[in-house]
Amino acid sequence: MRPEYDVIVVGAGPGGSWAAKAAAGKGARVLLLEKDREVGVPVRCAEAVGEVGLKSVVQIRERWIASVITGVVLISPSGQEVVVEGFKDRGYVLERKIFDYELAQIAAEQGAEVRTKAYVYDLIRDNGSVNGVRVQHLGKNYDVRAKVVIGADGIESRVGRWGGLRTNVKLRDMESCIQVTLANIKVDPRFIYIYFGQHVAPGGYFWVFPKSATVANVGLGVSGEYAKVRSAQQYLNDFIAKHYPNASILYTVVGGVPCSSTAKRIIADGLMLVGDAAHQINPMTGGGITTAMIAGQIAGRVAAEAIGNGDVSEKKLERYPKEWHEAEGKNHERLYKIKQAVYKLTDADLDRTAEVISALKPEDRTLINIFKTALIRHPALLFDLLKVFVTS
């Protein structure tokens, strides 16, 4: 490694790779560091993403896609199924190992230098400003300087904490998640399946995301307040025993997902956060692939332009959170308010919603009608609801 770069990006997930690509595309000398031995491993994601959002940031390659989703089946606490089809925005269940690997490859082709097995253990700071990282790479320690460091190191974001940014999340907004990839099951790969109810995923939801007709990502997120009483793994074990008793588990992943609005402060002098590190995750769904890439694209460009102007102060980098707010942040704030109301719905409320929607014609079973029915006792949220669906 060189002793100095313009931009160092910590973490080669979708947000980190896209920040590196954007900065390199603007002429910055970029170093992208990944602590694991291979980009894309391990997979810490349910792998689902919307087609329209993904197309807005990258040209989609067929080999990234395990299955194409054209509908969703919502299952109420009593077991009533509501089938919703005809989306303008199809969905994909990705092969994240391939997807993440090739995003980093695209960043490299744009000029970024990529290093794996590179463990960042501290920041270099001079006079309160971040000026680089301390990294262990293949048994050797290096001090590598940079004008801007971009932390894309996940929800734990040690980079953010070291830089003086608060990355903690309230317990009720931290989803305790577990997911397994199951084989030897039967699912319709055109649909994703979402289960609701206190007995399957209190303060969250349970998902089945097919990768084929016999393989699916199966998991749940439980609000941190409920996870204190009963673990996500116990709910998962019960679900598998009931629905897929003969399945084989190919892969297991556990972790937390911050379902909150964007962190209040995501920049400092010489420092930026993107993706999970900045809590740029859809508060309703927990999805963050596309939003991380959008944030990374903005952050990388703003960093390169600030370096070109010779000023990487927090004031100069302020363009990044402002542009993020306009692009996605405002919607995330609305979704967070909607999420808070949805997660307070009782099983009776959810069953009533399923009954009302099931009585509608198939073409009227839209997501906006489902939310309007579920939130009938929360008329103040109607404006936020309409804004989300109009701008999404």
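**View 1. T373 and the residues it touches.** Skip the neighbours within four places in sequence, and T373 is in contact with R352, T353, V356 and I357 (contact being heavy atoms within 4.5 Å). A quick note on where this comes from: the model is predicted, local features need pLDDT of at least 70, side-chain atom pairs count only at pLDDT 80 or more, and totals for chains, interfaces and linings use all residues. Residues are numbered from 1 along each chain as its sequence is written, and side-chain values use heavy atoms, with hydrogens and water left out. T373 itself is found in helix α11, residues 367-374 (helices are DSSP runs of H or I, at least four residues; strands are runs of E, at least two; both are numbered from the N terminus). With a relative accessible area of 15%, T373 is buried (under 20%, using a 1.4 Å probe and protein chains only; over 50% would be exposed, and in between partly exposed).

View 2. The whole structure holds eight aromatic pairs (Phe, Tyr or Trp rings, the six-membered one for Trp, with centres within 6.5 Å; planes under 30 degrees apart are stacked, over 60 edge-to-face, the rest tilted). Y195 and F239 make an edge-to-face pair, 4.9 Å centre to centre with 80 degrees between the planes. This pair links distant parts of the chain, 44 residues apart: Y195 is in strand β13 (residues 191-195) and F239 in helix α6 (residues 232-243). Both Y195 and F239 are buried. Ring pairs join Y195, F206, F239 and Y244 into a cluster.

**View 3. Charges over rings.** K21 has its charged end over the ring of W18, 5.0 Å from the centre (the cut-offs: NZ of Lys or CZ of Arg within 6 Å of the ring centre and within 35 degrees of the ring normal). Over the face of Y235 lies R230, at 4.6 Å from the ring centre.
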